[in-house]
Amino acid sequence: MPLRQLYSAEDVDKESQVDIIAVHGLNPRSKDDEEHAWDTWRTPAGDDGRIWLKDDLPKRYTSQARIFLWVYNSTLVYGKDRGQFIDKANDLLEALRIERRQDPDRPLIFLAHSLGGILVQQALVNAHNNPRYTRIRTSTTGLVFFGTPHDGGNKSLVALGSAAARVASTLHLQSSNAVIETLKSGSLFTDLLGEQWRHQLESYQLVSFWEGIGNTVPKKSATFGLSGTRENIIELNAEHSDLCRFGGSRRDQDNFKLVASNIQDLYDAALERTHVSLANDSKHLQGQEQFQLVFSLAAAPEIDYFVGRASNLASIESVLLPFTAAERKVVVLHGLGGIGKSQLAIEFAKKHRDDYSAILWLNGKTEDTLKQSFATNARRLPKEHLNQELLNESQNEEVLNAILREMKTWLGLRGNDKWLLIYDNVDNPKISDNKRQHAYDVRSYFPEAHQGSILVTTRWKTLRIGRPIEVTKLSEDEESVSLLVQTSGRSIEEDPRTKDLIRKLDGLPLALATAGGYLGLTGIPVSAYLDHYEASWLELQRTSPSLPSYEDQTIYSTWNLSYICIRKENKSAAKLLELWAYFDNRDLWYDLLKAGEDEAPDWFLDIIGTKLAFNSAIGKLRKHALIEKLTESDGYSMHHCVHAWVKTFWCTPVEGQNVKLALTCVGETFPFNPAPGDWITQQRLSLHFERCLQILPQWVNKSKDSRKSEDCISTFFCSLGRLYHDQGKLTEAESMYLRALAGYEKNSNHRYIFPTVNILGILYGDQGKLTEAGMMYQRALAGYEKAFGSRSFFYIRHG
């Protein structure tokens with residue numbers, strides 16, 4: 001759909017310095033799209049009407065602006081699905097990108113009526129996530145909303161959806177209409193309830209007009225509920241549909257004056273930003289030359305391959321760019337070791353090398369490496385800015401400290417504020433929950449002057465010295481395949497086992513690069529690599545070729561350091577990490593562990609004693625990014641590669657107490673008398689049953705202790721039999737029941753023998769083996785009567 005230009009300053013021999021875009025809301029009467037777009041802003045409706053955006057606003061209030069209408073099919077946008085909604089927001093962005101090609105940084109102000117305001121918000125969220133449209137987001141200075149249902153910033157899809165649906169209902173759409181149903185669900189507005197959008201709002205000046213006549217979108221709904229002066233909230237003496245239409249009446253002219261004056265305030269602020277920017281650019285062009293350093297990342301890890309990460313790059317850009325001389329900006333990239341934090345920082349530096357006068361790469365592994373990095377970068381400075389004698393002396397502690405002081409002084413000089421410092425691998429920070437030796441406060445190595453930009457990479461989720469951005473795994477299979485192909489130098493994308501491999505490595509860049517390097521070096525098929533991965537994980541990692549793009553050459557080296565740190569902080573949390581090797585990696589939750597409390601070791605009882613204690617131990621693992629919280633349940637997951645490391649180091653060979661603990665937790669959690677909804681628990685447990693089946697033979701075959709735990713093993717098999725039984729796998733269920741019965745009989749455990757016999761009877765009945773079922777029932781009845789008397793009939797009936 002098109003942008004329609006209403007006015008341009010060039011038409012009256014002036015230079016256009018601000019763009020104003022007007023976006024209409026829902027079309028209630030199924031008018032022609034073009035007609036509705038114009039009628040939203042003109043009075044009376046129709047070709048003879050006066051459109052104030054063209055005929056009034058620029059004459060007195062915004063003479064150096066270009067003013068556009070955005071024309072689109074609003075019924076289709078709001079009445080279909082979230083995908084259509086997002087696509088239409090992208091259409092607006094693309095039209096703006098093309099229209100603004102000659103001056104993409106010109107300030108931008110949006111005017112939006114009703115639901116059109118929600119479309120504008122979605123467009124700005126999309127611009128944040130897509131580098132193609134970054135300059136539209138960074139150029140946007142003001143947002144004016146006319147009766148847009150924000151519902152007071154309520155973080156509820158239902159609340160926001162209901163507010164939007166109320167607008168459509170008031171416009172005489174039927175309740176069964178697809179628009180009403182779609183809006184009511186709130187599904188369109190998922191992105192507008194996230195923290196990202198709330199942070200983004202801080203970048204704009206906001207004006208929210210609400211209707212003084214009627215109750216379509218009342219004051220509370222028509223505002224964001226922001227604190228202080230960030231949002232100007234104004235009542236207009238008009239109905240919802242007339243909020244941005246002004247005729248010749250005194251009331252309309254009073255409304256117009258309020259609207260035009262507030263738009264003028266945003267327009268003046270945008271012009272001031274332009275003038276300040278031009279003045280600063282001029283001063284910086286004159287002053288920055290003396291601070292300009294040749295771009296170099298010689299001290300950074302080599303990076304030959306980089307894929308994906310568009311959203312991560314956009315997040316960094318949203319904080320660090322555009323450059324602002326009056327403040328310092330700090331971003332902290334945190335995430336699992338091997339997730340690609342350093343590579344992301346390198347890519348950002350390369351992409352934006354021309355946006356900075358100097359980029360310094362600093363190795364933050366220790367204080368010594370950090371000081372050495374400053375000394376190395378000092379040699380890049382012009383001679384007049386540094387005492388050259390210091391560079392010629394031996395690099396002892398005193399000299400390094402002197403160089404550091406001079407570097408910080410240079411970075412704090414007036415006018416030298418367009419630099420970027422990258423502190424890489426700050427993995428031993430001085431924070432309250434880090435008990436490792438030689439921890440240091442990285443902020444003491446920041447320049448004292450409050451200027452410039454800083455990017456920090458760390459494994460610590462709790463290092464809070466700037467805007468945190470979590471670096472997560474590659475989200476698309478195509479990205480993982482691309483990295484494998486690039487690092488192996490082989491065309492393995494068509495190999496049928498490649499999909500199995502990328503599922504196994506689960507988007508972890510270091511794991512993918514390691515696998516690609518090994519495949520390229522050895523030339524073995526992907527299937528052979530998968531076999532090695534399962535059989536000899538540690539040997540495979542140790543024999544893989546080194547990767548210059550990763551400082552810690554092996555995939556597990558950083559995780560070992562995290563484990564050491566966790567053990568120093570909380571031994572029980574470290575033991576929980578070890579125990580996880582005996583469970584599946586995808587879903588571990590409190591009640592699952594709580595079921596294993598009988599005869600459990602003290603460290604385990606410390607963790608499961610209360611949910612608070614459990615959350616504390618889990619928190620120790622989370623802050624090192626070794627596990628993640630599941631969004632759809634109360635469980636936690638561990639990356640497959642981290643789990644492979646845990647299994648290799650703490651489950652080879654198996655440790656009997658941990659095997660028994662895992663078997664007990666899984667066996668006792670299974671609901672023997674399922675209630676509605678328990679199928680979810682059964683589904684979650686099935687993963688852990690599979691894992692226990694993998695490790696059980698190793699324990700039974702090699703450990704005498706396993707014979708003492710026959711009842712625990714039998715209970716596990718009985719629970720697994722119930723799972724198979726409920727899943728309709730009757731043959732497998734019979735095998736498990738018989739294995740459990742044999743174990744109970746071996747230990748003469750009559751408490752469990754007869755219930756198991758009874759369950760077998762039920763199973764045989766389900767299989768149609770009525771003779772065998774009768775024999776089991778008779779045996780169970782005889783055993784129950786001997787133990788409990790006539791009450792035993794109850795047990796047989798209810799199993």
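How do the residues of the lining of the second largest pocket divide into nonpolar, polar and charged? This is a predicted model, and in it the lining has eight nonpolar, ten polar and eleven charged residues.

**Stop 1: the pocket.** The second largest pocket has a volume of about 780 Å³. Select Glu-534, His-640, His-643, Ala-644 and Lys-647, which are the closest to its centre of the 29 residues that line it. Then colour the elements that give two or more residues to the lining: H18, H20, strand E16 (636–638), H27 and helix H29 (678–702). The largest share, six residues, comes from H29.

**Stop 2: helix H20.** Select residues 526–535, which form helix H20. Show side chains for Val-526, Tyr-529, Leu-530 and Tyr-533, the buried residues of this helix. Turn the view to look down the axis of H20: the buried residues fall within an arc of 100°, so they line one face of the helix.

To see what covers the buried residues of H20, display helix H18 (498–505), helix H19 (509–522), helix H21 (537–543) and helix H27 (640–650), which are among the covering elements.

**Stop 3: Val-526.** Stay in helix H20 and centre on Val-526. Is Val-526 buried or exposed? Its relative accessibility is 1%, so Val-526 counts as buried, the cut-off for that being under 20%. Leaving out residues up to four places away in sequence, Val-526 touches Ile-492, Asp-495, Arg-497, Thr-498, Leu-501 and Leu-519. For a distance label, pick the C-alpha atoms of Val-526 and Lys-499: they are separated by 9.8 Å, and the two residues are 27 residues apart along the chain.

**Stop 4: helix H32.** Move on to residues 730–746, helix H32. This helix has 17 residues and reaches 24 Å from its first C-alpha to its last, close to the 24 Å expected at 1.5 Å a residue. Select its buried residues: Ala-733, Glu-734, Met-736, Tyr-737, Ala-740, Leu-741, Gly-743 and Tyr-744. Finish at Ser-748, which follows H32 and has a positive phi, near 55°.

Note on methods: Residues are numbered from 1 along each chain as its sequence is written. This is a predicted model: local features need pLDDT of at least 70, side-chain atom pairs count only at pLDDT 80 or more; totals for chains, interfaces and linings use all residues. Side-chain values use heavy atoms; hydrogens and water are left out. Buried means under 20% relative accessible area, exposed over 50%, partly exposed in between (1.4 Å probe, protein chains only). Helices (H or I, at least four residues) and strands (E, at least two) are DSSP runs, numbered from the N terminus. The arc is that of the directions from the helix axis to the C-beta atoms. Contact means heavy atoms within 4.5 Å. On a 1 Å grid over the protein atoms alone, a cavity is a set of points where a 1.4 Å probe fits but cannot get out, and a pocket is an open set with protein on both sides within 12 Å along at least five of seven lines; lining residues have an atom within 4 Å of a point. Grid points are joined across faces, edges and corners, and a volume is the space filled by probe spheres set on the points. Ala, Val, Leu, Ile, Met, Phe, Trp, Tyr, Cys and Pro count as nonpolar, Asp, Glu, Lys and Arg as charged, and the others, Gly among them, as polar. The expected span of a helix is 1.5 Å times one less than its number of residues.
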